[in-house]
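Colleague: I'd like to learn how to read a model like this one. Could you walk me through it?

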Amino acid sequence: MLLYYITDRSQFPGDGASRRRLLENIAQACRCGVDYIQLRERDLSTRNLEILAGEVVAIIHELRTGNKELKTGLLINSRSDIALVSGADGVHLRSDDISPAEVRKIWTRRGARAPSPGSGQALARVIVGVSCHTPSEVADAAAQGADFAVFGPVFEKKSTQPAGLDALRQACRERIPVLALGGITVENAESCIQAGAAGIAGIRLFQENEMGKVVAALRRL
């Protein structure tokens with residue numbers, strides 16, 4: 001099962017404290033074995049998002065260095081440029097964003113994280129996730145080369161009609177992994193997995209609960 005933590009520091013109280021809490025939560029998610037973290041701080045300026053992304057990359061790199069079994073990947077929401085400059089592992093795209101194929105072209109053209117000439121090492125492959133709200137969007141994402149889709153909202157969301165489990169089940173028939181998002185709790189996550197979801201994505205799920213307990217409970221499903 002894939003676990004996907006989407007960040008939102010605004011859920012933490014206090015300006016300075018919220019940033020500190022966010023970084024602490026990201027570090028804990030990495031330690032607990034969350035598969036991917038999406039940095040989704042959409043209110044930040046380009047420069048401030050770049051700075052924050054650099055801090056997160058440094059934290060994850062340090063943890064990976066100390067424990068080779070940690071494999072958490074970092075994706076930057078929508079900003080291929082910041083993902084490139086910060087050394088992130090990939091990009092998470094909106095459904096109306098540029099295509100995954102275009103991201104891969106940009107990544108290759110810019111030589112993302114390329115080794116030195118003559119090293120014999122391959123260029124790191126960019127990871128691309130896409131937000132989808134309908135099964136047809138998942139089909140499009142798969143056709144355009146996305147690594148996975150995040151589908152939702154499956155359950156409740158303010159001012160948005162939930163897609164529901166039947167739509168999730170249909171979306172999961174596509175040839176890329178589909179992660180369920182939107183109103184997911186430890187209690188209803190199993191129904192998403194039974195519908196065919198390859199994993200669970202969430203903001204509140206990973207920020208309003210104790211990270212270790214949530215990850216352990218989801219891994220038991």
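**Reading the model**

Modeller: Buried means under 20% relative accessible area, exposed over 50%, and partly exposed in between, using a 1.4 Å probe and protein chains only. This is a predicted model, where local features need pLDDT of at least 70 and side-chain atom pairs count only at pLDDT 80 or more, while totals for chains, interfaces and linings use all residues. Residues are numbered from 1 along each chain as its sequence is written, and side-chain values use heavy atoms, with hydrogens and water left out.

Colleague: Which residues does glutamine 207 touch?

Modeller: Contact means heavy atoms within 4.5 Å. Leaving out residues up to four places away in sequence, glutamine 207 touches Tyr5, Ile6, Thr7, Asp8, Gln11, Phe12, Leu22 and Asn25. Glutamine 207 itself sits in helix 8 (residues 204-207). Helices (H or I, at least four residues) and strands (E, at least two) are DSSP runs, numbered from the N terminus.

Colleague: And the sheet: how many strands are in the barrel?

Modeller: Strands of a sheet pair through backbone hydrogen bonds, either parallel or antiparallel. Here eight strands form a closed barrel in the order 1-2-3-4-5-6-7-8, with parallel pairing; two strands pair if DSSP finds at least two bridges between them. On average, neighbouring strands of this sheet are turned by 25° against each other, direction ignored. Strand 1 (residues 2-6) and strand 8 (residues 199-202) run parallel and are joined by four bridges, with tyrosine 4 opposite alanine 201 in strand 8. Strand 5 also pairs with strand 6 in the parallel sense, over four bridges, and serine 131 stands opposite valine 150 in strand 6.

Colleague: What covers the faces of strand 6?

Modeller: In a regular strand the side chains alternate between the two faces of the sheet. For strand 6, Phe148 and Val150 on one side and Ala149 and Phe151 on the other are all buried, so both faces are covered.

Colleague: How should I read a helix against the sheet?

Modeller: An α-helix has 3.6 residues a turn, so residues three or four places apart point the same way. In helix 5, the buried residues are Pro135, Val138, Ala141 and Ala142. They lie on the same side of helix 5 because they cover an arc of only 115° around the axis, the arc being that of the directions from the helix axis to the C-beta atoms. Their packing partners are helix 4, strand 5, strand 6, helix 6 (164-171) and strand 7. Alanine 142 is buried, with a relative accessible area of 6%, and touches Arg175 and Ile176, not counting residues up to four places away in sequence. After helix 5 comes glycine 145, with a positive phi near 95°.

Colleague: Where is the pLDDT below 50?

Modeller: pLDDT is the predictor's confidence in each residue, from 0 to 100. The chain's mean is 92, and 93% of its residues reach 70 or more. Over residues 114-122 the pLDDT is below 50, and that stretch has four contacts beyond near neighbours in sequence. Where pLDDT is low, the predicted coordinates should not be read in detail.

Terms used. Axes are lines fitted to C-alpha atoms, for helices over the stretch in contact, and angles run from 0 to 180 degrees between N-to-C directions.
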